Amino acid sequence: MSLLEIKNLTAKLADEDKQILNGLNLTVEKGQVAAIMGPNGSGKSTLSYVLAGREDYEVTDGEALLDGENILELSPDERAAKGLFLAFQYPIEIPGVGQMTFLKAAVNAQRRKNGLDDMPTPEFMKLVNGRAKELGISPDMLRRSVNVGFSGGEKKRNEILQMALLQPKLAILDETDSGLDIDALKIVADGVNAMRSPDRGFVVITHYQRLLDYIKPDVVHVLSAGRIIKTGGPDLALELEAKGYADIVGKAA
Amino acid sequence: MPAVQETVEQVRAIDIDQYKYGFSTDIEMELAPKGLSEDIVRYISARKNEPAWMLEWRLDAYRRWLTMREPDWARVDYPQIDFQDMYYYAAPKSNAAPKSLDEIDPAILETYKKLGIPLREQEILAGVAPENRIAVDAVFDSVSVVTTFKEELKKSGVIFSSISEALHEHPELVKKYIGSVVPTTDNYYATLNAAVFSDGSFVYIPPGVRCPMELSTYFRINEQKTGQFERTLIIADKGSYVSYLEGCTAPMRDENQLHAAVVELIAHDDAEIKYSTVQNWYPGDSQGKGGIYNFVTKRGDCRGARSKISWTQVETGSAITWKYPSCILRGDDSQGEFYSIAVSNGAQQVDSGTKMIHLGKNTRSRIISKGISAGRSQNTYRGLVSAHRRATNAKNFTNCDSLLIGNACGAHTVPYIESKTASAVFEHEATTSKVSEDQMFYCMQRGLTQEEAIALIVNGFVKDVLQQLPMEFMVEAQKLIAISLEGSVG
Amino acid sequence: MVMNAITPIRTPAEQALIGAFGALRDSGPASAALEGLRIDGFSRFEASGLPHRRVEDWKYTDLRALMREARPLAGAPDASVLLAAKVAVGRLPRVGGSRIVLVDGFHAPDLADGGALPEGVTVSDLAAAMAQRPEISALVTGQPATRANIAFALNNAFLTEGLLIEVAPGTELGHALDLVSITSDGAPRLVTSRIVVVVGAGASAGIVETHLGPAGVEYQKNVVMQVVVRDGATLEHGRRQIEGDQALHLATLEASVGAEAHFDSLTLTTGAAVSRSQLFVRFAGEHSNVTLRGVSMLKGRQHADTALVMEHAVPHCQSRETFKHILDGEAHGVFQGKIIVQPVAQKTDGRMMSQTIMLAEGPSMDNKPELEIFADDVACAHGCTCGELDADLMFYLKARGIPHKEAEALLVEAFAREAIEDFGGGPLAVVEELREAMLTSVTEWMRART
């Protein structure tokens with residue numbers, strides 16, 4: 001059974017008529033890193049939001065199976081409990097809510113849904129501090145409110161930290177490279193690579209090939225006008241970088 | 001003593017409520033005759049063996065009250081209160097001047113235990129570090145039943161007792177200060193309180209003393225058809241410091257009960273008073289039946305130079321809240337603070353805020369108010385900041401934020417900002433919004449349920465104020481806010 | 001007459017107003033259309049009297065105390081009055097295109113200037129329009145909040161003439177209408193005027209009001225403008241209150257803004273001993289935006305109050321309110337602003353700001369910025385600041401060799417400019433002229449300080 005199987009997914013913004021995803025088909029296998037590339041406005045972020053269950057979007061047709069189970073009727077927290085993780089393109093600031101409080105709430109919410117007891121605080125602290133160190137997240141950042149006052153790079157690293165703590169089955173990285181300098185990009189990529197495993201799948205959404213130098217994809221899909229129009233190996237990304245989207249999008253149309 | 005069990009059962013049957021403190025205590029009470037008259041005022045005064053001047057003071061207030069009109073400017077709506085249809089004095093019969101805890105009705109001790117307020121010092125002492133001890137004055141309906149740690153406090157010269165007791169033991173202090181911050185003529189409810197107040201706490205901190213422990217009063221309304229009118233008077237003499245906490249609960253009843261308290265604080269030169277309230281009177285059921293009418297006058301007088309008064313309040317209870325803890329910044333370089341969280345749900349109505357009256361030079365004030373409305377409630381911040389001609393270099397910063405949860409509630413902000421001094425610097429900002437959908441989605445993507453996500457975001461929203469509470473109460477207040485908002489999202 | 005068991009004690013001004021109403025009624029019937037308005041207005045006034053500080057909306061402008069006497073009603077100007085007015089108005093530089101002149105509240109067509117009215121614009125008698133067109137009658141009656149207002153009620157009570165200005169749908173005016181309302185010299189009187197402006201669907205128009213009168217005369221003026229901005233229309237509205245130094249000036253602006261419409265209003269207040277500018281603005285259609293702004297510069301013992309109510313009655317609208325007070329001498333500034341968001345008005349975006357600079361030890365400023373919100377999906381905010389000029393900035397400027405007075409003027413102009421700068425934004429040439437005229441007024445006002 002595939003890890004993620006999207007069949008004929010059609011979706012639009014809830015209060016607009018225009019379809020953004022138009023019968024999208026996509027399969028991601030366990031252990032696979034699938035890159036999704038596409039020009040602006042092709043529906044990349046919409047795909048990530050629809051999979052994570054954002055209310056602003058309405059699914060008008062199709063299904064998305066995670067481990068064989070359709071997740072589209074589930075609330076965002078239920079999807080998270082099933083092992084779906086979204087690293088946000090623009091991580092949200094939550095003033096007044098401490099990082100540690102937030103991380104602990106998330107880790108324990110997941111544990112409870114899986115029938116486990118809350119993680120004892122000392123164990124949790126050890127876990128967070130260890131992961132944070134690997135990602136170059138300072139103790140000071142852990143003391144601040146969630147994402148408040150973080151630089152762009154700090155926010156992205158913070159997303160990867162959360163991913164590392166929650167150990168998802170399927171991680172969707174939405175333009176994780178945007179706003180990162182090369183050093184931050186390496187740290188983030190190392191964090192992702194360290195988590196690659198035969199049981200876990202990644203969907204890496206990006207506009208540029210650059211990220212894929214550091215996170216090597218197994219397969220590259222090209223998204224345009226809400227559909228996957230081409231699928232290939234890592235070379236496809238290089239081809240896109242060289243020729244631009246216009247060429248391939250034009251051919252497909 | 002009428003059986004109250006039936007009412008309690010009826011109210012319990014309404015299952016939406018999360019109110020934890022809604023039980024009542026079955027205990028034999030002594031009640032004054034129902035209604036209000038000069039005779040009742042005399043009765044209360046006589047029950048307390050008050051000196052003649054105190055009775056005159058009360059009668060004077062009562063006569064004035066008869067000429068006053070109920071204020072109608074607040075955004076609260078309630079049926080006419082029948083002031084003749086309630087009892088103005090209710091005291092446990094067994095409480096005739098108890099000398100020690102052993103003489104107190106065990107039912108009362110049990111009540112406080114159930115509320116999480118142990119009154120036996122040995123119980124408190126077990127396992128609590130000395131610096132974390134809290135002295136409690138327990139007020140049950142109209143009387144103070146016990147004040148703990150009195151002896152220990154006495155060693156450092158601190159007087160902490162019921163106000164009735166203080167009238168006998170320190171009449172000169174009471175006479176000097178009572179009504180000096182909230183005069184008997186102040187407002188309808190304060191004047192009523194002056195006429196009929198039955199008990200409350202009295203605190204005096206001598207010059208240069210830092211009160212060795214937190215002081216607190218725990219108010220409990222138990223009896224039916226009874227109004228609670230307590231009066232608290234705290235005096236911090238030169239260079240002293242005291243932190244005081246007030247808590248309150250009441251049984252769930254389907255009638256409305258009136259609570260009209262007066263709190264007066266006086267801070268002399270270099271003194272500081274920190275006054276915290278966790279107000280959790282029964283709010284009524286989700287349909288607006290029952291609940292406490294909370295009409296309270298709280299005012300602090302920064303009488304001395306460099307004095308400081310800080311109010312922190314967490315308001316989650318009461319059907320109606322009408323309360324504006326204020327500071328009169330009379331002394332030069334004095335400071336006033338007001339930190340408030342007001343949560344309303346169901347059919348609650350809150351009209352609360354503060355007044356910062358800058359009279360002295362270089363006076364400073366700070367107002368942080370966080371209002372959260374849910375259900376069908378109405379939540380209003382009403383505040384005044386004023387600088388008089390003499391108040392050169394006065395400074396105020398005000399931040400008032402409101403959060404709306406659901407589309408049937410209201411959030412309102414009514415600030416008055418009055419400056420008569422060019423060198424006064426006033427800054428005021430206010431926002432109203434709903435819980436951010438982005439924040440909700442982010443939290444839920446990380447696995448938090450909708451209710452958990454709201455509780456987390458709301459706690460972040462009120463954090464600046466929560467931090468002002470003494471540590472032990474911060475956690476309690478956090479839980480209380482979460483409980484108050486349960487069922488607010490569908 | 002309303003028969004009250006208790007006869008309220010009337011102030012001399014109230015008695016005079018009651019007398020004036022009687023005299024007006026006895027002087028002959030108004031048109032049937034106005035008669036109803038007059039009676040409604042008068043009975044509202046009679047029931048409540050002049051508002052005083054215990055009336056919440058008038059808390060800081062106690063009209064009963066500030067209006068000690070009521071002046072006799074101004075009559076229609078005669079030839080000599082018109083001639084004098086013509087000279088006075090002629091001295092006032094035009095801002096905009098066609099000039100429409102009111103003298104003592106009466107339309108003076110002979111004093112019109114700046115060429116014929118542009119195509120698509122008509123000016124007609126309000127009473128006649130009310131008699132024929134029920135929608136105009138309904139409009140003149142006013143929204144509930146306006147009707148409950150006593151200044152508005154008094155305007156109704158003493159209405160003898162009104163003007164209806166209409167901009168036909170789709171019309172795009174290149175210049176604003178330059179509306180001048182002048183009070184003549186001589187014995188002080190009470191002037192009442194009423195103007196209704198209807199901007200048709202998709203039209204784009206501008207109107208600039210200038211209110212002036214003789215110095216040293218304690219005249220009283222009560223003006224009401226009611227504006228309808230229909231769907232897709234734009235109205236840019238400027239207002240200069242440069243009344244004589246002894247005048248009492250009460251102004252009410254009521255506006256109803258349709259769907260996808262735009263209304264921008266800027267008021268500059270420097271005149272009158274006592275003035276109050278009331279704004280009642282209401283969104284009637286979705287996806288519209290309104291900007292209300294004002295600059296009040298007061299000195300001596302001047303008193304000026306801005307009282308606005310911005311009502312979001314429909315979803316998806318945006319409003320911005322920006323008001324600045326610059327106070328000198330012992331002046332008294334007041335700002336009361338209320339944003340109301342009705343339960344249906346989801347996605348409302350409202351922001352209100354009131355800022356004050358005090359240039360002397362004597363002035364006082366009262367602010368009451370209110371939010372009244374019944375819908376949850378909104379973003380509303382208000383802010384308020386009050387203080388002296390920033391001492392650090394002053395020091396910095398002086399350290400660069402700029403004299404104290406000039407430094408003050410620079411900072412005050414920058415402060416005022418924030419409210420004036422982005423006024424309009426539509427295609428009208430006049431907006432630029434008006435902005436410049438207002439900035440010049442600020443500069444001159446600062447220069448005139450001694």
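**Two domains and two chains: a chat**

Modeller: The C-alpha centres of domain 1 and domain 2 of chain C sit 23 Å apart. This is a predicted model, where local features need pLDDT of at least 70, side-chain atom pairs count only at pLDDT 80 or more, and totals for chains, interfaces and linings use all residues. Residues are numbered from 1 along each chain as its sequence is written, chains are lettered from A and ligands numbered from 1 in the order in which they are written, and side-chain values use heavy atoms, leaving out hydrogens and water.

Biologist: How do you know where domain 1 and domain 2 of chain C run?

Modeller: Domain 1 covers 72–388 and domain 2 covers 389–450; bounds like these come from an automatic or database domain assignment.

Biologist: And what makes a residue part of the contact between domain 1 and domain 2 of chain C?

Modeller: Contact means heavy atoms within 4.5 Å. On that rule, 40 residues of domain 1 of chain C and 27 residues of domain 2 of chain C take part.

Biologist: What area is buried between domain 1 and domain 2 of chain C?

Modeller: About 2700 Å², with carbon and sulfur atoms giving 71%. Buried area is the accessible area (1.4 Å probe) that two parts lose on being put together, summed over both.

Biologist: Why is the pair Glu418(C) and Lys324(C) called a salt bridge?

Modeller: The term asks for a side-chain nitrogen of Lys or Arg within 4 Å of a carboxyl oxygen of Asp or Glu. For Glu418(C) and Lys324(C) the N to O distance is 2.3 Å, so the pair qualifies. Between domain 1 and domain 2 of chain C, the count is three salt bridges.

Biologist: Why is Ala437(C) called buried?

Modeller: Buried means under 20% relative accessible area, exposed over 50%, partly exposed in between (1.4 Å probe, protein chains only). Ala437(C) has 19%, so it counts as buried. Leaving aside neighbours within four places in sequence, Ala437(C) is in contact with Val95(C) and Arg240(C).

Biologist: Now for the other pair of chains. What makes Glu159(A) and Arg446(B) a salt bridge?

Modeller: Their closest N and O atoms are 2.6 Å apart, so they pass the cut-off too. Chain A and chain B have three salt bridges between them.

Biologist: How many residues of chain A and of chain B are in contact?

Modeller: 34 residues of chain A touch 18 residues of chain B, and the two chains bury about 2100 Å² between them, 64% of it on carbon and sulfur atoms.
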